[in-house]
Amino acid sequence: MPIRFLHLADSHVGARHPGGGAGSYLANLRAALAPARRGEVDLVLHAGDLVHRSRPLPRRLAEGAAALLEAAECGADVVLLPGNHERSLLPATLLLAHRRIHLLDRPRRVVLRLSGIDVAVFGFPFVRQDLRGRFEGCLAAAGWPRDRAAVNVLLLHQTLDGARVGPSGHTFRGGPDVIPRAWIPASFDYAALGHIHRHQILRHPEAPDLPLVYAGSTERTSRAERFEAKGFVTGTLEPGSPPGYLFTVLPGAAYPSG
Ligand SMILES: [Mn+2]
């Protein structure tokens, strides 16, 4: 049996909807995690910006953490990392202290045995400055490539070149904070990405079977996202075959809301 994973990102619990009203940030986070609550998922990958503010209201942090805790209670291992909205560290909360919740609060990797397969999730918290200069060192500090497992996932909250945003499709190219796709080691099996709020799948120039996937935010956070479908990704991972993955659109994330 392959590993069944669920990849989501940028849930921004506690944000205000750009169209007015409270939006459905928590509702969509919970909707995205419904397959995990049903026991259909072995591994949840949250690619950053769980909550909107770096110092969230305790209630917002508790709501976001509780949604992940429920997934863990239902049997999924949950790996998450802090995004830029969390100033690269998530405030400590007891709700994240669960044996199946794993926070990449520094460059590290989490190794899990799921469905009889050893999987390693490598990642590091959002790097604000000079990502190009630090990328290789962060990967090495996380244990890459020494600590590879049978299946390897890269979890990041960063911008890759070729990523597109906004209604006009602005495309990121160069810049000190944009990683060239070719720099992602080709022997990863799946890159679970956050930070870019538009869902998209980028191709690796040398590794056609390595999808570089932005799950996209689970609710619109700015006017620039008003035409974008929001949702989450589910898929399968197993040694020796390319991952399967499917984007599911979440209902109830209309623009404007409220
Ligand atoms: Mn975000």
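An open sheet of 6 strands, in the order E4-E3-E2-E1-E15-E16 and with mixed pairing, is one of the main features of this predicted model. Its edge strands are strand E4 (101-103) and strand E16 (241-249), each of which pairs on one side only. On average, neighbouring strands of this sheet are turned by 20° against each other, direction ignored. The secondary structure of the protein comes to 4 helices and 16 strands. Its radius of gyration is 17 Å, close to the 18 Å given by the globule rule for 258 residues, so the protein is as compact as a globular protein of that length.

**Overall dimensions and packing**

- Taken along the principal axes, the C-alpha atoms of the protein fill a box of roughly 50 × 40 × 30 Å.
- Buried residues account for 48% of the 258 residues.
- Among contacts between residues at least 6 apart in sequence, 69% join residues at least 24 apart.

- Strands E1 and E2 run parallel and are joined by 4 bridges; phenylalanine 5 has leucine 43, in E2, as its bridge partner.
- E2 and E3 also run parallel, with 4 bridges between them, and valine 44 stands opposite valine 78 in E3.
- Strand E3 (residues 77-80) is joined to E4 by 3 bridges, again in the parallel sense; here leucine 80 faces leucine 103 in E4.
- In general, the strands of a sheet pair through backbone hydrogen bonds, either parallel or antiparallel.

- Leaving aside neighbours within four places in sequence, valine 44 is in contact with Leu6, Leu33, Ala36, Ala71, Ala76 and Val78.
- Together, E2, H3 and E3 make a right-handed β-α-β unit.
- Helix H3 lies across strand E2 (43-46), E3 and E4, and runs at about 145° to E3.

**Nonpolar core**

- The largest nonpolar core contains 71 residues, of which Val44, Leu45, Leu155 and Ala191 touch the most other members.
- Helix H3 (residues 58-73) gives the most to this core, with 6 residues.
- In soluble globular proteins, nonpolar side chains tend to be buried together.

**Helix H1**

- Helix H1 (residues 25-32) is mostly covered, with 7 of its 8 residues buried.
- The buried residues of H1 are Tyr25, Leu26, Asn28, Leu29, Arg30, Ala31 and Ala32.
- Their cover includes strand E1 (3-8), helix H2 (34-37), H3 and strand E15 (231-238).

**The sheet E5-E6-E7-E12-E14-E13**

- An open sheet of 6 strands has the order E5-E6-E7-E12-E14-E13, and its pairing is mixed.
- Strand E5 (108-114) and strand E13 (200-203) stand at the edges with a single partner strand each, so one side of each is left without a neighbour in the sheet.
- From one strand to the next, the twist in this sheet averages 20°.
- Strand E12 (residues 190-194) pairs with strand E14 (residues 211-214) in the parallel sense over 3 bridges.
- Within this pair, alanine 191 stands opposite leucine 212 in E14; Ala191 is also among the residues that touch the most other members of the largest nonpolar core.

**Valine 127**

- Valine 127 is found in the loop between strand E6 (117-123) and helix H4 (131-141).
- A residue is buried if 20 or more other C-beta atoms lie within 10 Å of its own; valine 127 has 21 C-beta neighbours inside 10 Å and therefore counts as buried.
- Not counting residues up to four places away in sequence, valine 127 touches Arg134, Cys138 and Gln158.
- Valine 127 and glycine 83 are 44 residues apart along the chain, and their C-alpha atoms are separated by 8.7 Å.

Notes
Residues are numbered from 1 along each chain as its sequence is written. This is a predicted model: local features need pLDDT of at least 70, side-chain atom pairs count only at pLDDT 80 or more; totals for chains, interfaces and linings use all residues. A nonpolar core is a set of buried Ala, Val, Leu, Ile, Met, Phe, Trp, Tyr and Cys residues joined through C-beta atoms within 7 Å. A residue is buried if 20 or more other C-beta atoms lie within 10 Å of its own, exposed if 12 or fewer, and partly exposed in between; C-beta atoms are placed from the backbone. Helices (H or I, at least four residues) and strands (E, at least two) are DSSP runs, numbered from the N terminus. Two residues are in contact if their C-beta atoms, placed from the backbone, lie within 7 Å. The radius of gyration is taken over C-alpha atoms; the globule rule is 2.2 Å times the number of residues to the power 0.38. Two strands pair if DSSP finds at least two bridges between them. Axes are lines fitted to C-alpha atoms, for helices over the stretch in contact, and angles run from 0 to 180 degrees between N-to-C directions. A crossover is right-handed if, with the strands pointing away from the viewer, the path from the first strand over the helix to the second runs clockwise.
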